[in-house]
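Okay, everyone, let's get started. Have a look at the structure first.

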Amino acid sequence: MQIGVRLHDGEKLPLEELLPIIKNRGFKCGHLALTKSISEYSVGVPALTPGLAMYLRRLFAENCIDIAVLGCYLNLCTPDEEALAVNVEKYKAHIRFASHLGCGVVGTETGAPNKEYKYEPVCHTEEALELFIKNLRPIVEYAEKMGVIFAIEPVWKHIVSTPQRARRVLDEINSPNLQIIFDPVNLLCYDNYNDRERIFDDAMTLLGKDIAVVHIKDFVVGENDLTSVAAGDGEMDYTKIISFIKKEKPFIHVSLENTNPSNAERSRMLIQSIWDNA
């Protein structure tokens, strides 16, 4: 298990200054969302050149940090056709960039069939799932051409909301270049969190062979919703999940989420201790 962190959860510093700090905190990989992590120079589509990719690749290698995920979290199901076309081109640009960057996966969530990218009951319909599969297919075909892994992250509030729906997407696309980012907390909502052990078991059973990256965070329960927090600050028991990782995917990238500079190392040490005792 190689534990990392979202780079935009760290200090607001240039990557050249941030990566040594991340390394000194004991992290081995990072989740890189270009527009959230880099503000010193352009990272728009025209700037995603092989030269920039190779510069970043060298910078990360000098700090012994893998790029676990190149994040590109855009809505593939917006009804705005002009916006959809822009999003598709951004996905393709990130896939091309990833082919030179040497990252683990290009990662995304699975959208909503509205312009606002917000939850509504229609997200969980058959029609929304079919639309997502239709729009995802050419993206995965492009990833195949470029030799890049494209990974989707199931989230309860989005179209691919359950392990079962994720399995359906994998089976219908049927490509080795389409894999899964497994974020257990993202599969939960206020109405199902008490059933979380079954949900996590379903995810590991149905998706296990296709899980490329694991995201780790925790949650606390509010009046009508769940709030995501750093690992160790909520109700999660990661014992079974870490045991699964240790047995089935011992060198997988595991990225912490919802941390900050004051608690990231503590969360890393907690997850490492669970691994050591698994």
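So, cavities: there is one of 30 Å³ or more in the structure. By cavity I mean a set of points, on a 1 Å grid over the protein atoms alone, where a 1.4 Å probe fits but cannot get out. The largest cavity has a volume of about 40 Å³, where volume is the space filled by probe spheres set on the points, joined across faces, edges and corners. Among the residues lining the largest cavity are Val 5, Asp 9, Arg 25, Phe 27 and Ala 264; lining residues have an atom within 4 Å of a point.

Quick housekeeping: this is a predicted model, so local features need pLDDT of at least 70 and side-chain atom pairs count only at pLDDT 80 or more, while totals for chains, interfaces and linings use all residues. Residues are numbered from 1 along each chain as its sequence is written, and side-chain values use heavy atoms, with hydrogens and water left out.

Now the pocket. A pocket is an open set of points with protein on both sides within 12 Å along at least five of seven lines. Of its 40 lining residues, Arg 6, Lys 36, Tyr 73, Glu 109 and His 158 are the closest to the centre. Helices α2 (34-37) and α4 (81-101) and strand β9 (226-229) each supply at least two residues of that lining. Helices here are DSSP runs of H or I, at least four residues, and strands are runs of E, at least two, numbered from the N terminus.

On to helix α9. In α9, Ala 264, Ser 267, Arg 268, Ile 271, Ile 274 and Trp 275 are buried, meaning under 20% relative accessible area with a 1.4 Å probe, protein chains only. They cover an arc of only 125 degrees around the axis, which puts them on the same side of α9; the arc is taken from the directions from the helix axis to the C-beta atoms. The buried residues of α9 pack against β1 (2-6), β7 (211-216), α8 (239-248) and β10 (253-256), with contact meaning heavy atoms within 4.5 Å.

Last, the backbone. Cys 64 has a positive phi of about 55 degrees although it is not a glycine, and this cysteine is in the loop between α3 (50-62) and β3 (66-71).

Note on methods: Buried < 20%, exposed > 50% of the residue type's maximum accessible area, 1.4 Å probe, protein only.
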